[in-house]
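The following note sets out numbered points on the model shown below. Please read each point alongside the coordinates.

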Amino acid sequence: MTELLDCSSSIEYPNARPNEGSTMTETTATTISAGDGPLKMTTRNVNVFYGEKQAIKDVSIDVALDNVTAFIGPSGCGKSTFLRCLNRMNDTIPIARVTGKITLEGEDIYAPQMDVVQLRARVGMVFQKPNPFPKSIYDNIAYGPRIHGLANSKDELDHIVESSLQRAGLWGEVQDRLQDSGTALSGGQQQRLCIARAIAVDPEVILMDEPCSALDPIATAKIEELIHELRGKYAIVIVTHNMQQAARVSQRTAFFHLGTLVEYGVTSDIFTNPTEEKTRDYITGRYG
Amino acid sequence: MNSAATPVKKRTPTDWQGAEMQKRIRKRYGAERRFKFIGLGAVLISAAFLAFLLFVMVGNGLRGFTQTELPVELDFPAMTGGASPSQFEGQNAKANLRTLGVQDIVEASIQIQYGEEGTNLFSTGGWQRVRKEILKNPDIVETKATIYLPVQSDIDVAYKGTGSDSAEAKVAELSDSLSTGFNWNFLFNSDATDPMQVGIWGALKGSLITMFITLIIAFPIGVLSALYMEEYAPKNRFTDLIEVSINNLAAVPSIIFGLLGLAVFLNIFGLPRSAALVGGLTLALMTMPVIVISGRNAVKAVPPSIREAALGIGASKMQVVFHHVLPLALPGILTGTIIGMARALGETAPLLMIGMRAFIATPPSGITEPATVLPVQIFLWSDEVNRGFVEKTSAAIIILLLFLLTMNALAIYLRNRFETRW
Amino acid sequence: MTNSSMEHTVKAFDTDINELRGMVAEIGGRSEQAIAKAMRALEKHDLKLAAEVVAEDKIIDDLEKRIDELTIQTIALRAPMADDLRELIATFKISGVVERIGDYAKNIAKRVPVIASTHKLRPASLLPSMSNVASELVRDSLEAFARRDADLAVDVCDRDQIVDDFYTSIFRSVVTFMIENPKDIGEAAHLLFIAKNLERIGDHATNVAEMVYFAAKGEPMPERDRGNSPTDFVDEPEDGS
C-alpha cells in the first residue's frame, strides 16, 4: 500500500488517495501522508487573516522531502499567501495574522523559541522576479553563509560558493567571472543565481513563488530541469499559475480556490481525472 | 462571456490624413517647440544671473588678493649695530628679535628714505614682513636689503581705483616706486582693523571647525532617525505626528534656530558665547531635518525586492538594514547631507544670534574658543566704513564660493564612489 | 459523470471539440449506413448497391484521417487536461475503430457478387436480424459517445452477447449446411465470413463503448462476464475461432 510514488510510472494509479470517491467538505482537505516518504513540513488548520479579511481558510497539507509540491489556483486564491506562511514571511506584514499549526521536522515554527532568522535559512525562498543583491556573484552566494557563520575559512566559503553554483547549474557559465555584478546576468541566470543563493545556506525546504513567470521558455525549461535535479535533496514547494508547469514539474498538486484547499493529490491524477468539479473546471479552462 | 446582447454602435472611421488632424498635428508641434524655447529661456536666464554674480564678485574681489607695495631699503648692519645671523636661528630667535626692535629699525629706515611723514605712507603692521624675512633667512642681517612693504590703505585704494584727493596726490608722487604684489596676508591672517592686514584664515578655520561639529552631530542622528522611521517605526498616529514635525522643521527660518541656540545652549547650558561648539550645535539642529527627509526618501527608494531577498535567506532585520538598505540608500543620503551642509555653511543669522559676531583677531584653537565663520565675517566687513574693506569683502565671497565648490565636488565624488549599479 | 456544461474560456477550444464531435457522428453514421446498405445488397443481390458501398468506404477512410489530424492539432494547441484530454484520446481511438467497422461493411459488400442467391441458403436467414442488432450496437455506442453516457456504454457491451449468440447459431447451421451440401461450400464459406464480419462489428462497437466509458469516468470499464463463445463447444483444443 505504501509505495513511493514515481512520476515516471504514472500509468499505474497507486491507491494513495484515502478519501477516494467521497465528497469533500469545504473546511477539511485531504492530506496525504502514506506513501509519501519522510515529511519535511506539516500544516494543520491554518487560517490567515489580513485585518478583518480572511485570506486562507483552514488548510491542512503535508510536504514530503521526495516530492515537488505545486500550488495552483486562480489569482487571489491565496496560494502565495499560504506559501509565505511556511517561512513566516507574513510576519513582515503588520496586519497579517496566522493561526493553526505549521511544523518543520516536527518543530512548531510559530513557537516562541523558534528563531525566525534561522527558520528562514532552513526554509529558503525564491521569488517571482529574480532579485540578486547588487553585489558580485561571489558575494551574492557568500552572503548567506557569512551571516549564519557556516564557513570557518575562506577556502570553506569558496567551496560553498562553488558547490552551490554547481548545484544550481550555473558554475560553468560564471566560474571565471565571479567578481562580476550579479545584476549583469540574464534573467534566467539571475534566477538560477537566486536559487544557488538559497541553496548556499543549506536549507531543508525551498519555496518558489512563481519562479519562472518573468523568464523566457528556454530559461524556464532550465529552471524546471534544475527543480527536477534538486528533488529529493530538498523538499520543494512551487507556486505557479501555469498549469502545464505544475504538471511537468511536480509530483503532488494542491488546488486552491478563494482561500480554501479544494483538492490535493498525485499530480497525474489531478490532471487526468480530478475528483472535484471546481478543480476540473479550472484545469480544463472552464473557470470563470 | 463576450456575448453581445445589444449591437455596438459603429464608429465613423477616423480620418488620420484629413485637415482636422493636420491642424492638430501642427498645434501639437507648435506647443512642443514653444515649450522647448521657454525651457531654454529659463535656463539661460538662470545662467545669466549666475554669470552676473560671478562677474561682479570676481571683478571686485580679485583686487583684494593683491596689495600695493613700496620698496624700503634696510641697512641691517648699520641699524642693528652688527648683529649676527646666528642670533636669529633656533629657539632664541624670536626673543632676540624682540630685543632687536624690528619695528623701530623699519620705521627709521622708512624715515630715512621717505622723510618724516614716511611712516604714514605704510600700513601699520607692515614691518612684520621684515621680521618674517629675518626668521626665514637670518643671513640677511649682514646685508643691505630692499624689502617691499605694503602701503597704507588709502594709497592702496587710490592706486587700484579712485581714492581721496590727498591719496591720489601721493600716488601721483610715488608712481614709479609703487608696485603690486600678491597679498599673502589675506589668506593667512585673521580679522584686523587695518584693511591691509585682514585675512580670512580665522573665519575659515572657524567655519571648518563649526562645519565639522555640525557634521558629526547631524549626520549620525539624521541617518539613524531616517532608518528608524522607515524600517522600524510602527505606522500609527504618533509616528505620523513626528514625521510632520520633522518636515516642518526643515522649513523653519534659520533665525529661530539662533534663538533656540541662545536660549538653550547659552542660557541653560551655559556654554561659552561665540564658541564654534555652540555654532555647530545650532547648525546641527538646523541641518538634521534636511538629512532626515532626504535619508527617508533614499531609504524608501530601495526596492522591497532587495529586502525580501535578504529576509528570505535568513538575514535579521538589522542585517537587512545595514548590509543592504543603507549602502543602496547612501548616495541619496549623501546628497541630502551635502545640501544641508552647504546651507549651513552659508548661514549668518543664527550664528549672529549666538554671538559669533565678535572681533576675532586670532584663529580659534579649540571648539570652545571664540570664533567666527566666513559669512559672518563677510557681513561684518561689509559694514566697515573704511573703503579698503570693499574689495576684501568681495574677495572673501570668492573664497566662500570656492569653499562651497570644493564641498560639492567632494560630495559628488563620494556619491559616485558609493553608487552601486542596479 | 457528465462534463461540466460550462464552456471553455477560450471559445476556439469549444469550436474544435464540437467540430470533432460532428465528424465522429458523421463517420459513425456513414459506417452504420454502409452496414445497412451492404446487407440490403446481399439480400437483394444488388450489385450496384454493393459497388456503391465499396466506393463510399473511401469517404470513411478520408474522414478518419481528418479526425486524426484535427485531434492531434487540438491536443498540441489547446493542451487539454482531465476530461477534455480523455475525450480527445477517445475520439482518436473511436475514429480508428469506426473506420474498421466501415471496412467490414465493405468486405461484406465485396462478397455480394460471389453469393448467387440467398434463397438457397436457409442458414443465412438469421443474418439480417444479426446485422440489425450489430447496427444498433454501433448506433448506440456512438450515441453514448455523444451524450457521454457511461450507463448506455455498459449496456452496449452487455448486448454484444446477443450478436455473439447469433454468430454461434449461424456458425452451427452453416457448418451443418456445408456438411450436407458440399457443392455449395464455397458460397457457404462466404456466408461464414459475412457472419464473422458482423460479429467483429459487434465487438468493435463494444470497443467504442469501452472508450466512451473511460472518457466519461476516467477509469477503464470493469471486466464483464462473457457468455459462450463459438470456441466453447468445439471439441478440439483451442485453435482460435
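1. A residue counts as buried under 20% relative accessible area, as exposed over 50% and as partly exposed in between (1.4 Å probe, protein chains only). By this rule T337(B) is buried, because its relative accessible area is 5%. T337(B) belongs to helix α14 (residues 317-345) of chain B; helices (H or I, at least four residues) and strands (E, at least two) are DSSP runs, numbered from the N terminus. Apart from its neighbours within four places in sequence, T337(B) has contacts (heavy atoms within 4.5 Å) with L215(B), F219(B), I291(B) and S294(B).

2. On provenance, this is a predicted model, in which local features need pLDDT of at least 70 and side-chain atom pairs count only at pLDDT 80 or more, whereas totals for chains, interfaces and linings use all residues. Residues are numbered from 1 along each chain as its sequence is written, chains are lettered from A and ligands numbered from 1 in the order in which they are written, and side-chain values use heavy atoms, with hydrogens and water left out.

3. At the interface, 24 residues of chain A contact 19 residues of chain B. The buried area, meaning the accessible area (1.4 Å probe) that two parts lose on being put together, summed over both, is about 1,700 Å², and carbon and sulfur atoms give 64% of this. In chain A, the residues that lose the most area to chain B are F133(A), P134(A) and Y143(A), together 30% of what that side buries.

4. One salt bridge (a side-chain nitrogen of Lys or Arg within 4 Å of a carboxyl oxygen of Asp or Glu) is found across the interface of chain A and chain B. Its partners are R84(A) and E308(B), at 3.2 Å from N to O. The elements giving two or more residues to the side of chain A that touches chain B are α2 (116-122), β6 (123-126), α3 (137-148) and α6 (187-200) of chain A. Of these, α3(A) gives the most, with four residues.

5. Over all chains there are 12 aromatic pairs, that is, rings of Phe, Tyr and Trp (its six-membered ring) with centres within 6.5 Å; planes under 30 degrees apart count as stacked, over 60 as edge-to-face and the rest as tilted. The rings of F71(A) and F82(A) are tilted, because their planes lie at 55°, with centres 5.7 Å apart. F71(A) is in strand β3 (residues 68-72) and F82(A) in helix α1 (residues 79-86) of chain A, 11 residues apart. F71(A) is buried at 0% relative accessible area, and F82(A) is buried at 0% relative accessibility.

6. In chain B, one aromatic cluster is formed by F65(B), F186(B), W381(B) and F389(B).
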